[in-house]
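Try each task before you read its solution.

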Amino acid sequence: MSAILKLVAQRIALGLLLLFFVSILIFLGTLALPGDVAQTILGQSATPESLANLRAAMGLDQPPLTRYFQWLNGLFHGDLGNALTNGRPIAEALGSRLSNTLFLAFWAAIIAVPLAVLLGLIAVRFRDRWPDKLISAFTLSSISIPEFLLAYVLIYIFGVKLGWFPTIATLNSSMSFGQKIYTIAIPIMVLVLVILAHMMRMTRAAILNVMQSAYIETAELKGIGRFKIIMRHAMPNALSPIINVIMLNLAYLIVGVVVVEVVFIYPGLGTYLVDHVAKRDLPVVQAVGIIFAAIYIGLNILADVLSIVTNPRLRHSK
Amino acid sequence: MKQIPLSAAIGLFITGLYFFVALFAPWLAPYGMAEVVGEVWEPMSSTHWFGTDNIGRDLLTRMIYGARTTIFVATVATAVSFITGSILGFTASVFGGLIDQALSRFVDLIMSIPSLIFALVVLSVVPVTLPVLILLMGLLDATRVYRLSRAVATDINVMDYVEAAKLRGEGKLWIIFRELLPNALSPLVAEMGLRFIFMVLMISTLSFLGLGVQPPNAEWGLIVKENKDGIIYGIGAALWPALAIASLAISINLVADWILNRTTSIKGGR
């Protein structure tokens, strides 16, 4: 048991180290500019006074190292600085948006994960027959379209032609749970389709890989039914890669969310980020960027840890 | 090169068609790129095959010029990504040691941030122009090419003929360009197809977010952005790019699959 704990602790420490370097990288991006940030924000026609004011407001008159540690220190204390555009604290605006984004991603994941595993199982059970081919064709075409276009196709079909669901996902706190889910029905569908394909294909591949083992043949020769072989014999050994793929796709979901939120004008982190990139509001972009990176790295570590836990062979390697 | 399977032939034909349209856009397009020729959102007709867009420009013309921009950006960005990624990957594999460690850890670092998020962070401080976009997308994607080419080159680097070349005293550059590159080419070419699709998706996504190609230029993602309001009224103008991107992506996939199956069993990792 302690061996597992040690490996897990190692992974987490590695992740934290990575996050530290990512924060440097995100911060460095602002220094690598020709000229400086104040100039870029205000444009070429800015007066020297307004430039000096903005530089002082952003702390640009201090050396980069000092600024970096001030920023990092703020991050640890939940102080993300103020937005340049409206001067309000960023942390205030982030709270509700982060929970909205996680709400959307959570429900998409809850639907997509079991569905992907089930479809993967069906595809293996009917390998190379029509259910397998149908699932493959469907998933292949859904990953060939970018998220935002998939969103509009679904809006066109379910929102406009059939009129089943709202086409804009505006949430407010007075909505009941059911109303919220109804409002974000199409965004959830889009996200499910986006990650379903990858997860299903990898699940299928992972199980097929295991199905070629000798012990599966033994099980077949014993006369066990196909589905039972897959569930009882192939599944436990395919679990580790499947969990890995699921986690990586949840990390991918975080990116998909950005675009989908913009399409549906959903009040989440993604719209917040994109709006402020266009306004060149650097503190906001840095804060949201580091949050997305942290979630992404966190999910990757979780994937590592879970595959160590589910696959005993990984515990003793190295 | 005995015979091309049907799926690959279809893929090649459609891909070729798109590149042809992209190259000869000004001659093929029935109207000028930003020319207003009719009412807002006219339906499909014999004069406007795809109808008109949100300010009355011919949609077929916009799609043709959009193909030109999208495919141009994606092609150049793919080239940037492959040249940088494979040279660095081969270098890391041939020189090994400190260079390899430094490059690989740096690539790990870049890849630990989702590329769209990274692109957005960078685009918040740099001017959004075509060269910047191409460079940004190319360099971000070079990380993936780096990993693949390093892995492939490391496999080849231990082959007998490479050992022989080293023993006869060839320089590192010779090893990279005369021994590694020719043998690593087929998995790299197959991967190139996938990277190209990724570039198409990326540039159209960025344009859709308003952070890519700027109007009045045409780009597939931008066409969606311009016409998205029509969807609520049941006007499908914004859905044409979906068809274009999906058919291009699928046909390139078909070609890449064929190249991969035909030439080698090494699968390019994603």
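**Exercise 1. Find the stretch of chain B where pLDDT stays under 50, and say how many contacts the model has for it beyond four places in sequence.**

Solution. Start with the score: pLDDT is the predictor's confidence in each residue, from 0 to 100. Colour chain B by it, and residues 264-270 show up as the stretch that stays under 50. Next, count contacts, where two residues are in contact if their C-beta atoms, placed from the backbone, lie within 7 Å. For residues 264-270 of chain B the model has ten of these beyond four places in sequence.

A word on the ground rules: this is a predicted model, in which local features need pLDDT of at least 70 and side-chain atom pairs count only at pLDDT 80 or more, while totals for chains, interfaces and linings use all residues. Residues are numbered from 1 along each chain as its sequence is written, and chains are lettered from A and ligands numbered from 1 in the order in which they are written.

**Exercise 2. State the confidence of the model as a whole and of each chain.**

Solution. For the whole model, ipTM is 0.80 and pTM is 0.83. Chain A has a mean pLDDT of 79, with 90% of its residues at 70 or more. For chain B the mean is 82, and 95% of residues reach 70 or more. Within chain A, the lowest confidence falls in helix H2 (residues 37-42), with a mean of 66, and the highest in helix H12 (residues 269-278), with 86.

**Exercise 3. Describe the make-up and extent of the two chains.**

Solution. First assign the elements: helices (H or I, at least four residues) and strands (E, at least two) are DSSP runs, numbered from the N terminus. Chain A then has 14 helices and zero strands, and chain B has ten helices and zero strands. Now take the principal axes: the C-alpha atoms of chain A fill a box of roughly 85 × 55 × 35 Å, and those of chain B one of roughly 75 × 50 × 30 Å.

**Exercise 4. Which elements of chain B give two or more residues to the side that touches chain A?**

Solution. Begin with the totals: 34 residues of chain B are in contact with 39 residues of chain A. On the chain B side, the elements giving two or more residues are helices H5 (115-123), H8 (172-208), H9 (220-231) and H10 (240-263). Then sort by class, counting Ala, Val, Leu, Ile, Met, Phe, Trp, Tyr, Cys and Pro as nonpolar, Asp, Glu, Lys and Arg as charged, and the others, Gly among them, as polar. That side of chain B has 26 nonpolar, seven polar and one charged residues.

**Exercise 5. Compare the span of H8(B) with that of a straight helix, and locate its kink.**

Solution. The expected span is 1.5 Å times one less than the number of residues. For 37 residues a straight helix would span 54 Å, but H8(B) spans only 44 Å between its end C-alpha atoms. Look next for a bend, the angle between axes fitted to the seven residues ending at a residue and the seven starting there. A kink of about 55° lies at B:Leu181, shortly before B:Pro182. Just after H8(B), B:Gly210 takes a positive phi of about 85°.

**Exercise 6. Where does the cis peptide bond of B:Pro216 lie, and what is its omega?**

Solution. The bond joins B:Pro215 and B:Pro216, with omega about 10°. B:Pro216 sits in the loop between H8 and H9 of chain B. For a backbone feature in chain A, turn to A:Ile265, which has a positive phi of about 50° although it is not a glycine. Its place is in the loop between H11 and H12 of chain A.
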